[in-house]
Amino acid sequence: MKNESRILGVGELNALVKALVDSEPLLSSVLVRGELSNYKIYPSGHHYFTLKDADSSLRCVMFRREAAKLRFRPENGMKVIAGGRVSVYPRDGAYQLYCSEINPDGLGNLYLAFEQLKEKLLGEGLFAQETKKPLPKYPERIAVVTSPAGAAVRDIIRVLGARWPLAEVILLPVRVQGAEAPREICAALRYADAKLDADLIITGRGGGSAEDLWAFNDENVARAIFACKTPVISAVGHEPDVTISDFVADLRAATPSNAAELAVPDREEIYSFIEAADKRIRGAALSYLKAKRQRLEMLSKRRVMEMPSAYIDDKRLRLDRLQGMLAHAAVQSLHGSREKFAAAAAALDALSPLKVLARGYSLVSGENGKIISSARSVRAGEKINVTLSKGSLECTVDERKLK
Amino acid sequence: MSKEKSFSFEQSMARLEEIVKLLEKGDAPLDSLLELYEEGTELIRKCSKALDSAEQKVTKLARNESGEIEQVPFAAEE
């Protein structure tokens, strides 16, 4: 304890070592070969295990996000190549490998080939979502490209039959493993696409080792799937197995039975839909008629329909009122006329010759009845008539006095 | 190997869905309502019949003696 100032806390030391390890470029990306042991998957989804060889062991962790991309099921005793970075977990003061990938050892070359082909086809757009074709809703004919033996074809036919027996199934038997498999699968895909008038193609096989599934990582098979005008479902192996075919196909199914489930609707569901449609159609027709009836009732409840006489009475009252107004106007008008007539008659009366006679004037007319207003119109000795207000006189002219 | 196109389940179902929507909208005149109703019940009858009477048909392609491809019945071994 010569130099107290150099004493570190545990955490400080761990942090120092961590910083040192993290700064070493060689440790930021390493590949380690070893055997899996003590493999545990925590509820968090993270994977914890130890890599061992003859006389050493290494603590490893693979977080959930990376673990989800695993293409196989890691098991204790399995020889693998793990890739990742080395760092220190400060709490335990232990260094460990933070894995980003684990691949089975011995298949190194296959995995390399897989990754390279995947990159190449991805670059060419064979996996693009926009090239994926929609699946038919109710397939009438399904072509199945797989081995005629084994569980896969049996599962597919069984599930299709149980869910949707309306779909006809045509099997194109091919070998699904071995050197001849890719060529046969390609030929069958092309035939199914061009000759069978199928709505859908299912291709795949049951589970097996990575080598067994290899035909579905074949470049020609991938291109044959991509070239199909008919939608293709790829169903290779079990859930964690992913092949190039799965990326190229229009839909990836986890297993062959799953492919059949995705391929067709369930008859029971369609029955339910049809029953519901039946109810809905009846319901809609009934409520339509009900609405029409209500409208009819509403219209017929209006006053004119329900009590037409009352409606007419209303009109009649209005008519009467109008008539009254008209009569009054006519009387007013007539009354005015009568007064005017009386005035006119009075004026006329004032001008009457009889009135003049009444004031003492006389009217003289000749024998021919003509009014005589000048002494020159008569001669002496001529008879004339003098009309007075009351009575008349027959006279003889004695003498004329001309002015 | 072309399919019989006299009855298309897909088209029938699409039309049935359309009819249900049209009827539920409820603004069709009475005449076309009756027509739609009849068409709908007819489609329901046909679709139900297709579902009831369906029997899965499974064949496989095989080459005959003269090397031609033909369809033969297929039964998967259990």
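## Chain B and its pairing with chain A

Strand β7 (residues 168-173) of chain A and β1(B) run parallel to each other and pair over three bridges, where pairing requires that DSSP finds at least two bridges between two strands. In β1(B), Lys60(B) is the bridge partner of Leu171(A). Helices (H or I, at least four residues) and strands (E, at least two) are DSSP runs, numbered from the N terminus.

The model is predicted: local features need pLDDT of at least 70 and side-chain atom pairs count only at pLDDT 80 or more, while totals for chains, interfaces and linings use all residues. Residues are numbered from 1 along each chain as its sequence is written, and chains are lettered from A and ligands numbered from 1 in the order in which they are written.

Chain B contains two helices and two strands, arranged along the sequence as α-α-β-β. Of its 78 residues, 13% are buried; a residue is buried if 20 or more other C-beta atoms lie within 10 Å of its own, exposed if 12 or fewer, and partly exposed in between, with C-beta atoms placed from the backbone.

The strands β1 (residues 58-63) and β2(B) of chain B pair in the antiparallel sense over five bridges. Pro73(B) in β2(B) is the bridge partner of Thr59(B). Five residues lie between the strands of this hairpin, in which Gly67(B) takes a positive phi near 85°. Strand β2 (residues 69-73) of chain B is hardly covered, as the count of buried residues among its five residues is zero.

Contacts between the chains involve 32 residues of chain B and 34 residues of chain A; two residues are in contact if their C-beta atoms, placed from the backbone, lie within 7 Å. On the side of chain B that touches chain A, the elements giving two or more residues are α1 (9-25), α2 (30-53) and β1 of chain B. The most comes from α2(B), with nine residues. This side of chain B comprises 18 nonpolar, eight polar and six charged residues. Here Ala, Val, Leu, Ile, Met, Phe, Trp, Tyr, Cys and Pro count as nonpolar, Asp, Glu, Lys and Arg as charged, and the others, Gly among them, as polar.

In chain A, three strands form an open antiparallel sheet in the order β11-β12-β13. Its edge strands, β11 (363-365) and β13 (392-396), each pair on one side only.

The strand pairs compare as follows.

| Strand pair | Sense | Bridges |
|---|---|---|
| β7(A) and β1(B) | parallel | three bridges |
| β1(B) and β2(B) | antiparallel | five bridges |
| β11(A) and β12(A) | antiparallel | three bridges |
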